[in-house]
Structure formats: C-alpha cells, structure tokens
Amino acid sequence: MPSITKLAQVALLLLFSAAVMLDARGQAAPDQQAKPPAEGGQPAAMGGSNTGAAHAAVLDSEHRPITAGGFVKSGPVIFEDQAEKAGLTKWHHKMGAPEKQFILDTVGSGVALLDYDNDGWLDIYLVNGSTVEAMTGKAIPPHAALFHNNHDGTFTDVAAKAGVTNDSWGFGATVADYDNDGWPDLYVSNYGKNRLFHNNHDGTFTDVAEKAGVALGNWSTGATWGDYDGDGKLDLFVPGYVHYDLEHQPGQGAANVAFSFCQFRGVKVMCGPRGLKGEPDHLFHNNGNGTFTDVSEKAGVSDQKSTYYGLASLFIDVNNDGKLDLLVADDSTPNFLYINKGDGTFEDASFASGYALNEGGRETASMGIAAGDFTHNGRIDIYNTTFSDDYKPLYRNDGDANFTDISYQMGIAEPTVPFLGWGTSFFDYDNDGWLDLLEVNGHVYPEVDRTNWGTTWQQRPLLFHNVNGRLEVVPAVEGTALAKVGVGRGVAYGDLFNDGKIDAVINNLDGTPVLMRNVTVTSNHWVGLKLVGGAKSPRDAVGATVYLTANGFKQRADVISGGSFASSPDQRLHFGLGSATNVDKLEIHWPSGVVEQVSLPGIDSIFTVVEGKGTAEKTAK
C-alpha cells in the first residue's frame with residue numbers, strides 16, 4: 001500500500017497549488033501568485049473548466065478541426081452506427097437550453113446496459129435530462145428510455161410500461177442486483193432526488209430510493225456499486241458534483257460567481273465548475289433489508305472538506321489484495337483513490353499513488369474512468385478523459401497501488417489534446433486478447449464553433465487499438481461510427497447481439513443515441529462469461545476478478561458497475577482468444593474470497609458459471 005510522509009504531503013499540495021495558473025487566454029497569469037487551495041479545497045481563480053495551457057489548432061487536409069475531421073476514405077471498418085435501424089433514434093436527449101448559459105445544461109447523461117428481463121439479451125437504458133420549464137411544472141419532462149432487445153437487431157422503448165422514465169434532470173445510471181434476488185436493479189442519479197428502481201421480476205420497476213435512504217437531493221453524478229466490506233451485499237457510492245440552486249443559477253453577471261470563472265480563452269462562457277461550491281460524496285452501506293446507511297464520513301470517503309467536483313466513480317481492486325478500492329474522477333480538481341483497509345474504512349492514497357494529478361503535477365478536468373489490464377501483467381491500469389487543450393492521462397499500475405502517467409511515453413497524449421472526453425472504456429473489439437480503448441467526446445461550450453481554436457462542439461469518438469501492449473489510434477473511416485460527430489457524453493459497452501463482438505452505445509447531449517455495432521472482420525475466437533455469486537458473494541458477482549490463460553498469455557477481467565462517465569457496462573465478462581481454440585486455464589476470484597478453477601466445455605459462446613459448482617454451462621439464448 002502506498003505510504004507518504006507529512007512532509008511529502010505538504011510538498012505535493014504545494015505542487016498542486018502552483019500548477020500552472022492560467023488566465024483566460026491560456027497563458028500564465030503574471031499577477032497570479034501560487035496559492036494553496038482556498039477554503040473548501042477549491043483552487044485559485046482561473047477561467048473555465050480547463051486546467052491546461054492553450055494549444056495550437058490541429059486541422060485536417062480540408063482545414064477542419066481534427067475533432068470533427070481527419071477522416072480517411074478507406075480502411076478497416078470497426079463500427080457501424082445502427083441506431084436508426086435498431087429504432088433508437090426515435091428517442092431524443094434533452095438537457096437545458098441550447099445556448100448552454102448554465103453548467104447544469106452542459107454535463108449530459110449516461111447509458112446503462114442490462115438484461116432487465118433475464119432473457120439472455122442486453123437491453124439499453126438511456127438517461128435523459130430536463131429543462132427549467134419541466135422542473136417547474138410548465139412543460140412535460142423529457143423521459144428516459146428503456147429499450148428492450150427484440151433479438152433481431154431492433155429495440156422497443158418500454159420505459160413507460162416499466163416505470164423507469166425518471167422524469168427528472170438525469171445524469172447517471174448504474175446496474176446492480178442490490179438485494180441478491182437474481183434480477184438487475186437500476187440506480188439513476190439526478191439533479192434533485194435520485195431513483196433506485198427495484199426490479200419487480202415482471203418487466204416493471206418500483207422506485208424505492210426514499211424508503212431505501214439513497215435519494216439524496218442535490219446534484220449526483222456517476223455512481224458505482226461494490227461490496228466494500230465483504231458481507232455479500234452490494235454497497236453504493238454516489239459522487240457529488242456542484243451544489244446547485246435552480247432559482248439562482250450561476251451565469252454571466254451573477255452575484256454568486258466571479259467573472260473569472262465564466263470565461264475561456266477570453267470568451268464569455270457558462271460559469272463553473274471552478275468558483276462554485278462542490279457537492280459532497282456519499283457511501284451507502286447495504287443493510288440487507290432493503291435499506292442503506294450513509295457511512296461516508298466514517299469510511300473516510302465523504303469529500304466533506306475539499307468538496308471536489310465528482311463526475312465518475314468505480315469500485316475495483318487496484319492493489320490485488322482481494323478488497324475493492326474506490327476511484328473518483330473529479331472535474332478541475334485532484335482525483336481520489338481510496339485504498340480499502342478491510343475494516344470498513346479507506347485510506348486516501350490519492351496523492352501518494354500518483355492518481356490525483358497528471359505527469360506534470362497538475363489536476364485535470366477528469367470526466368470518465370476506464371480501468372483494465374491492457375498489458376497482461378495482472379494489474380489494473382486507469383485512463384481518464386479530460387478537457388480540451390489537455391492530454392488524457394493513462395496511469396500504468398506499477399504494483400502496490402502506485403501509478404505512473406505514461407500517456408506521452410505511449411504516444412497517445414498529443415492525439416487526445418483537442419478533444420473534450422467523457423465516457424471511456426477498455427474492451428477487446430477484435431478478439432485478439434488485448435484490451436483496446438474507446439473514448440467519446442463533445443464540448444461544453446457551443447461558442448467554440450465560432451473560434452479558430454481547433455476544437456468543436458460536436459466531436460468524433462477516439463478508438464485506440466492495442467498492439468501487444470501499445471495503444472495506436474485507429475483511423476476514422478468516412479461513413480462509419482468512428483467518423484460520426486456528436487456531443488458525446490455517456491458510453492457503455494457490451495455484446496448486444498450475442499455474436500461474440502463487443503458493441504457500444506453513446507448517449508449524445510441534445511441528440512439521438514449512437515449504436516456502435518461491431519462489424520470487425522476477424523477469425524479470432526472468444527469466450528463470454530456470466531458469473532453468478534454464491535451465498536457469501538453478491539448474486540451478480542460484482543467485484544469478481546477472472547484470470548484466463550490462452551494463446552500464451554494471461555488476461556484479467558473484473559465484474560464492475562459504473563466507471564466510464566455516468567454509465568454502466570455489460571456485466572458479463574468477455575475475453576478475446578486470438579487464434580487459440582481452447583482455454584488453458586480459467587481462475588475466478590469471487591467476492592467472497594473463494595478462488596475457483598473452472599473448465600470450459602468450449603469456446604465462441606457465452607457460459608454461465610455459478611460459484612462453487614466448478615463447472616460452466618452454455619448460456620441459452
């Protein structure tokens with residue numbers, strides 16, 4: 001476990017405080033002394049949300065900003081956008097006014113993939129935003145969508161029938177079987193009261209958030225589920241973003257925010273999050289009777305003193321001790337890494353681990369989290385999406401929860417600078433056994449389209465192909481999903497068509513979804529696993545770690561709930577096998593602490609593994 005002396009702590013805090021203070025043009029402000037964070041943990045004044053310096057515009061051969069250009073005429077086609085064909089474009093996301101004068105209008109919403117009716121096919125839940133008119137009863141609120149998988153490439157929106165339209169100002173969705181009844185439940189984080197939709201086993205849900213004690217009431221973002229104390233019941237962590245008052249919104253000229261926080265490169269934009277009061281984080285312990293207890297302060301993860309701006313979170317074991325640790329991606333403030341001490345509390349190892357800041361010792365405007373073992377060393381690495389004019393840090397896990405930012409070393413830093421990233425995930429799109437990396441992008445300032453800064457309001461996704469442990473940018477072929485621009489926010493991945501290829505769904509701000517259907521042409525083999533926990537593990541096996549050996553190397557995959565940005569992926573694990581025609585070894589580390597080796601009866605199929613049985617059965621489709 002990382003350790004740090006008081007002297008080193010002070011040095012790191014001073015380094016954070018001194019990290020390049022910028023004026024609105026992205027230049028070091030000559031009159032701005034290096035100052036410690038103000039009371040409440042907020043950094044000294046700087047404009048906008050960005051924490052990096054201004055970069056020169058990157059244009060393509062047609063003089064378009066690279067964020068909405070740089071396409072190639074031909075090349076490997078990885079994803080096709082089949083949202084319209086699938087019936088998803090009948091639904092439209094809506095959040096605030098199009099001018100985006102306020103930060104509440106700009107953050108956007110996530111997406112969750114879950115098999116809500118247990119028919120063996122993934123369904124899609126898309127969170128919707130709202131408007132001031134709807135929140136004040138003057139208009140019909142935008143509805144969230146629950147798209148049922150029809151097993152034929154199409155989906156039907158059943159949100160109203162299922163009772164999950166939310167009808168609130170929605171941001172995040174995370175999936176978990178919190179009561180261990182074998183049916184996935186859904187937590188939706190909002191501005192206002194959150195929802196805990198309990199699955200009724202009949203295609204409908206009931207909101208039990210108030211009864212359960214997890215409704216909260218201000219601005220919540222990307223939550224995560226995990227059994228942090230090992231009692232077999234899933235607990236819930238909910239990050240807070242900005243403490244917000246809808247009746248006194250922080251806009252240009254408002255008395256409650258300084259003008260310096262409402263400009264970017266000298267242009268007037270919406271205000272925040274810098275200069276605004278942060279919202280605390282919350283950890284809810286599962287009591288096992290349908291209720292939860294807020295143990296945030298007792299556990300040491302409340303963020304009460306600093307109140308950083310939390311956007312995404314993830315329970316995952318980063319130091320391989322069998323206990324779930326906690327990652328929190330914070331906007332324009334240092335990130336959190338909490339190491340699980342095994343006694344119901346966490347150690348704040350954010351600075352000591354190297355995860356709080358980037359390679360330059362500077363906090364970033366972190367939006368999303370991708371976590372995975374992309375080099376086959378058995379350790380979880382982390383990728384964070386950040387603001388435009390800033391590279392996206394890739395943190396290599398050096399062991400014992402120590403991380404090194406290797407983005408420039410890997411050659412992926414500079415290509416990401418113009419983009420403003422949100423949802424992100426590691427998954428193996430071509431089944432070669434190496435985790436690739438997807439990032440979706442979109443700006444928060446519509447004003448950028450009227451500038452020559454080299455960035456745009458609508459942006460294309462970025463895909464990095466993992467070539468034997470080195471990430472390489474995949475060219476965006478014209479007419480494919482990688483060349484489709486939008487104001488991307490949440491993204492979730494999973495095998496939507498049960499064909500052994502990982503797809504992804506993007507929730508676009510004020511737009512229609514993108515269904516990135518994986519059409520990669522490959523002869524590589526694969527295996528899918530649905531894990532079912534035993535009596536001492538969560539039923540949906542969230543927190544389990546699986547090691548699969550094939551093709552001469554060992555892969556790792558973890559069952560998670562959350563991460564990305566405000567989104568939740570397929571909880572079935574997927575392993576590409578490359579040319580291998582069999583699995584040499586499959587070892588499952590269950591949340592209960594049981595370690596089990598299981599033989600698979602074949603490949604190129606999805607198998608169900610129940611804890612303690614020692615066997616795998618082909619999942620019926």
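Asn180 is partly exposed, with a relative accessible area of 26%, where partly exposed denotes values between the limits for buried (under 20%) and exposed (over 50%), computed with a 1.4 Å probe on protein chains only. Although Asn180 is not a glycine, its phi is positive, at about 55°. The residue lies in the loop between strand S6 (169-176) and strand S7 (185-191); strands (E, at least two residues) and helices (H or I, at least four) are DSSP runs numbered from the N terminus. The structure is a predicted model, in which local features need pLDDT of at least 70 and side-chain atom pairs count only at pLDDT 80 or more, whereas totals for chains, interfaces and linings use all residues. Residues are numbered from 1 along each chain as its sequence is written, and side-chain values use heavy atoms, with hydrogens and water left out.

At the level of the whole protein, nine helices and 38 strands are present. The radius of gyration is 22 Å, close to the 25 Å that the globule rule gives for 621 residues, so the protein is as compact as a globular protein of that length; the radius is taken over C-alpha atoms, and the rule is 2.2 Å times the number of residues to the power 0.38. The C-alpha trace spans about 70 × 55 × 55 Å along its principal axes. Of the 621 residues, 63% count as buried. Among contacts (heavy atoms within 4.5 Å) with a separation of 6 or more, 62% involve residues 24 or more positions apart.

A positive phi of about 55° is also found at Lys100, again not a glycine. Lys100 is located in the loop between helix H2 (83-86) and strand S2 (111-114) and is buried, with a relative accessible area of 1%.

Glu447, in the loop between strand S25 (436-441) and strand S26 (462-467), is buried yet has no salt bridge, defined as a side-chain nitrogen of Lys or Arg within 4 Å of a carboxyl oxygen of Asp or Glu. The nearest side chain of opposite charge, Arg450, is 4.7 Å away. Not counting residues up to four places away in sequence, Glu447 touches Glu99, Val267, Lys268 and Val269.

Two further loops were examined. The peptide bond from Gly272 to Pro273 is cis, with omega near 5°, and Pro273 lies between strand S13 (267-268) and strand S14 (282-286). Gly230, between strand S10 (224-226) and strand S11 (235-238), is partly exposed at 48% relative accessibility.

Conventions
Lys and Arg count as positive and Asp and Glu as negative; His and the chain ends are not counted.
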